[in-house]
Amino acid sequence: MTFDYDLFVIGAGSGGLAASKRAASYGAKVAIAEHDLVGGTCVIRGCVPKKLMVYGSHFPALFSDAAGYGWKVGDAQLDWEHFITSIDKEVRRLSQLHISFLEKAGVTLIPGRASFVDPHTVEVGDRKFTADKILIAVGGRPLKPDLPGIEYAITSNEIFHLKEQPKHIAIIGAGYIGTEFAAIMRGLGCQVTQINRQDQILAGFDEDIRTGIQEGMSNHGIRIIPNTLVTSVEPVPEGLKLSLSGENQEPVIADVFLAATGRVPNVDGLGLENAGLKIVASAEEGHGYGTAKAIAVNEYSQTNQPNIYAVGDVTDRLNLTPVAIGEGRAFADSEFGNNRREFSHHNVATAIFSNPEAATVGLTEAEAKVKLGDDGVTIFRTRFRPMYYSLTGAQERTMMKLVVDARTDQVLGAHMVGDNAAEIIQGIAIAVKMGATKKDFDATVGIHPSAAEEFVTMR
């Protein structure tokens, strides 16, 4: 049978872009469909604009710290419109850049929303296309909890386009998104209330990371309400009133309400049933506000239909941009590059761009003890005040931690809370991925004076 394309990719986000360009480099005829800006969640409404907001939120603290070093800094004010407009301009520039990359790679971009007609045919608007292989890379979408008044909430999609700076923002959810935006908005000068259904933020992370970030956020003036659910939202003259669970919980009144209760695979409208694709229950970042479905795949990102594949957040395996890129490239190498390989989801480093910042790679202390027993794990930990703050008066703390196999001396996990955690852990992740031992860390000479040297001096 003759097909229009060797590969048709649905979704021009991180995974789809990586896969399409890699497949085209092997000589495949490739098309990619996208109904939104090219670039996906990361470029348009995720990593990139969020990190720019993180950078912007750090300036007030820098102005304050400068005084401790003798600098005289005048009154500083944020021009919100300039801030938001500049971020949007950069996002659109990057989107156009990705379009040019597709053109250079010889990939055909088809604007519009694609859906399956059958296992080898997709429909985009009133046009049909056939392909030998089809890759689904449509990512995820924010999950809004089902509660009265939820229509008044914004999600992480809309927060980048607020026309005015909030005076008080209330956030439900305490995963990556809720925690990062709580820190961002506080740094920009907003009053912030974060409502968490659990006792502590960032479920699933190492306990020292969870504790360190939560304590730091509280010290920065963020109000965190634990063990609480929002039961309803209603407009009032002062803004939005959030009613909370619990007999003694006073309602929270804010002018902006962010629902950050997780993201779910974006499977709606794909016509998966027309292709006979199997879906499974999503792990879903969650927080107890709903369930969702993900596309089932094997270790090669292959679905139950042998010619259809899926990568990235739509499979709900490990929802990180570099993972989607890695899965997409592994797929292209396997199917078009004569290099069949799996993408490893083991020891993938990640960061939380909160304030304080944190990063981690490998096993948490709890995971290691479940695997090896309490006696099978040795913990090395340090907490200190970085030298930078010795003249500023700020009571910022850094935590670093190594989780070590007591029998083999292999470093199983590394965790950090503090300035530049992501930059430092990126380097540490190489050692952990390679199977370095604590003796290897000890034998490494530290760069002095630096915070990073603590990772090779812990005893």
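The model is a predicted one. Asn 227 sits in the loop between β10 and β11, and β11 covers residues 230-236. The backbone of Asn 227 has a positive phi of about 50°, although the residue is not a glycine.

Why is that worth a remark? Most residues other than glycine have a negative phi.

## A buried serine

Ser 301 also has a positive phi without being a glycine, with a value near 65°. Look for Ser 301 in the loop between β17 (293-295) and β18 (308-310).

Is Ser 301 buried or exposed? Ser 301 counts as buried, because its relative accessibility is 4% and the cut-off for buried is under 20%.

## The whole protein

Now step back. The protein has 459 residues, and 52% of them count as buried. There are 11 helices and 23 strands. The C-alpha trace spans about 70 × 65 × 45 Å along the principal axes of the protein.

What radius of gyration would a compact globule with 459 residues have? The value would be near 23 Å, and the protein has 23 Å, so the two agree.

The protein exposes about 21,300 Å². Carbon and sulfur atoms supply 50% of that area. Consider next the contacts between residues at least 6 apart in sequence. Of these, 64% join residues at least 24 apart.

## A parallel sheet

Next come β8 and β9, which pair in the parallel sense over 5 bridges. Here Ile 171 has Gln 194 in β9 as its bridge partner. Last, β8 and β14 pair in the parallel sense over 4 bridges. Across this pair, Ile 169 stands opposite Val 256 in β14.

## The covered strand and its helix

How many of the 5 residues of β8 are buried? The count is 5 of 5, and β8 is mostly covered. Both faces of the strand are covered. His 168, Ala 170 and Ile 172 are buried on one side, and Ile 169 and Ile 171 are buried on the other. The chain crosses from β8 through α5 to β9, and this β-α-β crossover is right-handed.

Most peptide bonds are trans.

One joins Asn 355 and Pro 356, with omega at about 10°. Pro 356 is placed in the loop between β19 (350-352) and β20 (358-362). Another cis peptide bond joins His 448 and Pro 449, and here omega is about -5°. Pro 449 is placed in the segment after α11 (438-442).

## An alanine in helix α10

Finish with Ala 422. This residue is in helix α10, which covers residues 421-434. Ala 422 counts as buried, because its relative accessibility is 18% and the cut-off is under 20%.

Which residues does Ala 422 touch, leaving out those up to four places away in sequence? They are Ala 351, Phe 353, Glu 357 and Ala 359.

Ala 422 and Val 192 are 230 residues apart along the chain, and their C-alpha atoms are separated by 24 Å.

Terms used. Residues are numbered from 1 along each chain as its sequence is written. This is a predicted model: local features need pLDDT of at least 70, side-chain atom pairs count only at pLDDT 80 or more; totals for chains, interfaces and linings use all residues. Side-chain values use heavy atoms; hydrogens and water are left out. Helices (H or I, at least four residues) and strands (E, at least two) are DSSP runs, numbered from the N terminus. The radius of gyration is taken over C-alpha atoms; the globule rule is 2.2 Å times the number of residues to the power 0.38. Buried means under 20% relative accessible area, exposed over 50%, partly exposed in between (1.4 Å probe, protein chains only). Contact means heavy atoms within 4.5 Å. Accessible areas come from the Shrake-Rupley method with a 1.4 Å probe; for residues, only the protein chains shown count as cover. Two strands pair if DSSP finds at least two bridges between them. A crossover is right-handed if, with the strands pointing away from the viewer, the path from the first strand over the helix to the second runs clockwise.
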